[in-house]
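Good morning, and thank you for making time for this. Please bring up the structure on your screens, and I will talk you through a few parts of it.

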Amino acid sequence: MPLVPVLPIRDVVIFPGVIAPLFVGRPRSLKSVEEASLTDKNLLVVAQRDNAADEPAPSDLYDVGTLCQVIQMVRIPDGSTKVLIEGVSRALVQSYVSAGEYLSADIIQMQYDGDLSPGAEPLRRAVLEQFERYVNLHPKLPIEIAFSLSSVEDPFLFADIVASHIQVKISEKQGLLELLNPEDRMDRLLRLLVRETELLEMEHSIHDKVRREMERNNKEYYLKEQLKAIQAELGQPEDVSEYEELLRRIKRAKMPKEVARKATAELDRLSKMPQMSAEATVSRTYIEWLSDLPWKKKTADSIDIGLARRVLDEDHYGLDEVKERILEFLAVERLSGKGAGRGQVLCFVGPPGVGKTSLGKSIARALGRKFVNFSLGGIRDEAEIRGHRRTYIGALPGRIIQKMKQAGVMNPVMLMDEIDKVGTDFRGDPSSALLETLDPEQNKGFTDHFLEVPFDLSQVMFVTTANVTHSIPRPLLDRMELISIPGYVAEEKLHIATRHLWPRVLRENGLERYNVGIADRTMSKIITEYTREAGVRGLDRQLSKVARKVAAKIVNESEEGKKPLRRVSLTMPMVKKFLGAPKLHDTRLPGRDSVGAALGLAWTETGGDVLVIETAAMKGSGKVMFTGNLGDIMQESAQAALGYLRYRASQYNLGAIKWDKTDIHVHVPEGAIPKDGPSAGVTLALSMLSALTERPVSSSIAMTGEITLLGTVLPIGGVREKALAAKRNGIKTVIFPKDNVVDVDELAEWARQDMTFHYVSNVSEVFSLALLEKGGH
């Protein structure tokens with residue numbers, strides 16, 4: 001048989017007896033079609049194995065195709081050609097020939113010469129029935145195809161028409177084309193139709209399910225919208241389930257009967273309100289707050305004194321007296337149970353950074369209770385404590401109730417920080433609102449303005465912190481048990497830094513796996529030369545800065561390809577490089593005995609400090625000047641001291657001084673810092689006497705005490721802080737009023753170690769101890 005032009009096609013298999021349109025765009029394919037059309041030759045249409053091949057090679061084509069007659073060829077404006085072809089017979093390709101402008105093939109026509117069995121007709125009917133089901137389910141096949149097939153009785157043509165319309169893979173269609181026996185083709189067609197029909201039925205089932213779900217949702221939405229409209233007309237809640245949910249929450253909260261009754265009444269009111277009204281929002285919020293509060297739930301106390309002691313020792317170094325006071329408090333709690341011990345309130349008073357807040361956390365940890373805290377600093381509105389009344393939009397309960405909800409139990413440890421910094425203005429006095437909170441006789445029925453029902457706070461352990469007590473109102477102060485937390489000396493700071501601060505700083509800066517060591521001597525230098533405070537916050541910042549510098553050094557050396565450091569031993573030169581030159585110097589204290597310069601001790605919020613009081617006497621008009629930002633009380637102390645010296649002028653060899661022609665100038669350095677209080681009286685008198693007599697004052701003695709006009713020395717406060725300030729600055733001899741002997745005796749042994757204390761009742765004793773002779777001691 002002569003060579004016939006070949007038309008490779010994608011995604012389609014042409015069967016004999018089937019008329020099909022094709023769009024031809026490839027140049028070689030167009031040449032094949034033109035050759036067949038011009039020479040009235042048949043065209044061999046063959047399916048490609050690989051659809052991606054644009055110019056298919058013979059190996060890309062199947063070996064069995066269909067000889068087709070070109071019925072019509074029409075060129076389309078886009079450059080392609082539409083060809084209408086009719087399948088004539090199957091053909092087996094003997095070989096492909098690529099010579100010329102198109103692909104040709106040497107073929108053999110394939111014919112089936114056998115006889116059909118009696119089962120051919122039943123098989124045809126079964127295929128037809130299954131095909132009708134298939135067409136009914138398939139969305140893209142018209143039902144007319146099944147009707148037209150019912151009149152086709154030729155099994156050869158019937159099988160090919162069905163095969164051309166079934167939507168299966170090209171490889172499966174090609175397999176049908178290669179079967180010559182029509183019974184074999186119909187048998188395979190029946191299997192494929194059954195499979196495809198089942199898949200289509202599953203797809204229809206899924207689509208029906210989705211459609212029914214969508215219809216149901218649309219129906220529910222429509223009914224709900226109708227229900228909303230009806231409820232809006234009736235003034236009922238928008239969502240019935242919300243009412244039921246709130247009712248369940250009220251029952252689950254186990255409120256007291258009167259509270260539950262009020263909550264249920266409010267819920268009934270809510271059910272009659274328009275849902276979008278502002279009042280409904282307030283009522284809903286009110287019910288939710290009542291339902292969320294811990295009316296009955298509480299944690300079981302585990303008051304183990306031994307455990308509490310271990311917890312306090314683990315969390316804090318030193319503070320032995322404070323720890324003993326806390327353990328005594330816990331012991332009373334254990335013995336009293338629900339008695340008097342329950343109503344006590346602790347107030348930790350001390351300078352910043354000494355561990356007041358962390359002590360509260362340790363108490364909660366020792367008791368096994370929940371811990372909540374909030375700051376009172378800067379609060380000026382009473383509503384912050386008692387809450388806002390519900391007449392206001394956006395009203396909320398006060399801080400106390402909010403923290404009770406956060407804790408989730410009736411008996412947490414609640415720490416109220418900075419109670420000494422509560423303010424007062426036209427919005428009320430928050431400290432007065434705290435009276436009910438901290439009063440054991442009243443807090444069992446604490447009433448928040450928002451809740452308007454009593455809430456039991458009697459099982460809460462309240463812990464407050466303050467830097468000073470003089471700014472706390474007396475009625476509030478009387479309700480608290482004060483525990484004084486003094487500042488730390490350098491020795492204590494060294495232990496705190498090595499045991500607590502430095503390991504935590506290494507952990508926070510990712511240096512745990514590196515052996516970063518710091519000697520005690522270096523740590524002591526950081527403490528004394530870079531910080532001056534009662535607590536350890538400044539020390540913590542300095543150590544963190546050192547750790548960051550070490551971390552940066554390790555990372556830089558690693559990026560530069562150097563062997564990473566595994567051990568770093570911090571020396572003082574390295575610390576100076578990291579922190580810079582020492583920030584604090586002792587040069588402000590007299591380095592030697594000086595005329596007119598005396599050392600006084602002052603209490604400060606940071607724990608205490610040493611003051612240098614300087615006096616200069618000069619010719620003038622009898623004026624007395626005070627500089628250095630001195631307060632009124634301190635200036636009055638200076639006037640009292642000068643009055644005493646003039647009164648006892650003959651006793652101190654001042655008779656020759658012409659007071660009306662002598663000016664006295666009193667100055668306290670560091671003028672930017674305000675200074676006030678009566679405890680510098682003896683120091684002022686000593687400084688003035690030294691300046692008037694030109695006798696030097698010992699630079700190794702510091703003193704404190706209030707002076708009267710007759711020279712009596714009165715007791716002062718802040719003994720602990722002042723003694724620690726002297727020790728911190730290397731002053732080992734301190735003069736205290738005689739009435740402060742008891743306070744000095746209460747100092748810890750380490751605070752009194754290497755210290756000499758003198759107790760005086762008259763300022764003349766101070767002069768005898770601290771005032772030196774001219775030119776000697």
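This is a predicted model: local features need pLDDT of at least 70, side-chain atom pairs count only at pLDDT 80 or more; totals for chains, interfaces and linings use all residues.

Residues are numbered from 1 along each chain as its sequence is written, and side-chain values use heavy atoms, with hydrogens and water left out.

Let me begin with the sheet, where helices (H or I, at least four residues) and strands (E, at least two) are DSSP runs numbered from the N terminus, and two strands pair if DSSP finds at least two bridges between them. Five strands form an open sheet here, in the order S8-S9-S12-S7-S13, and their pairing is parallel. Strand S8 (371–375) and strand S13 (481–484) stand at the edges with a single partner strand each, so one side of each has no neighbour in the sheet. On average, neighbouring strands of this sheet are turned by 20 degrees against each other, direction ignored; axes are lines fitted to C-alpha atoms, for helices over the stretch in contact, and angles run from 0 to 180 degrees between N-to-C directions. Within the sheet, strand S9 (residues 413–417) and strand S12 (residues 461–466) run parallel and are joined by 4 bridges, and Val413 has Met461 in S12 as its bridge partner. Helix H14 (residues 399–407) packs on this sheet, touching S8 and S9, and its direction makes about 155 degrees with that of S8, where contact means heavy atoms within 4.5 Å.

Next comes helix H23 (residues 719–728), which is mostly covered, with 9 of its 10 residues buried; buried means under 20% relative accessible area, exposed over 50%, and partly exposed in between, with a 1.4 Å probe and protein chains only. Which residues does Arg720 touch, not counting residues up to four places away in sequence? Arg720, which lies in helix H23, touches Pro486, Gly487, Leu747, Ala748 and Trp750 on that count, and at 17% relative accessibility Arg720 counts as buried. Just after H23, Gly730 takes a positive phi of about 80 degrees.

Asn629, in turn, is found in the loop between strand S19 (624–627) and helix H21 (632–647), and is partly exposed, with a relative accessible area of 38%. The C-alpha atoms of Asn629 and Pro669 are separated by 8.9 Å, although these residues are 40 residues apart along the chain.

Grid points are joined across faces, edges and corners, and a volume is the space filled by probe spheres set on the points. The count comes to 3 cavities of 30 Å³ or more, and the largest cavity has a volume of about 100 Å³. Its largest share of lining, 3 residues, comes from H1. The second largest pocket has a volume of about 630 Å³ and is lined by 26 residues, of which His316, Gly353, Gly355, Ser358 and Val536 lie nearest its centre.

How values were computed. On a 1 Å grid over the protein atoms alone, a cavity is a set of points where a 1.4 Å probe fits but cannot get out, and a pocket is an open set with protein on both sides within 12 Å along at least five of seven lines; lining residues have an atom within 4 Å of a point.
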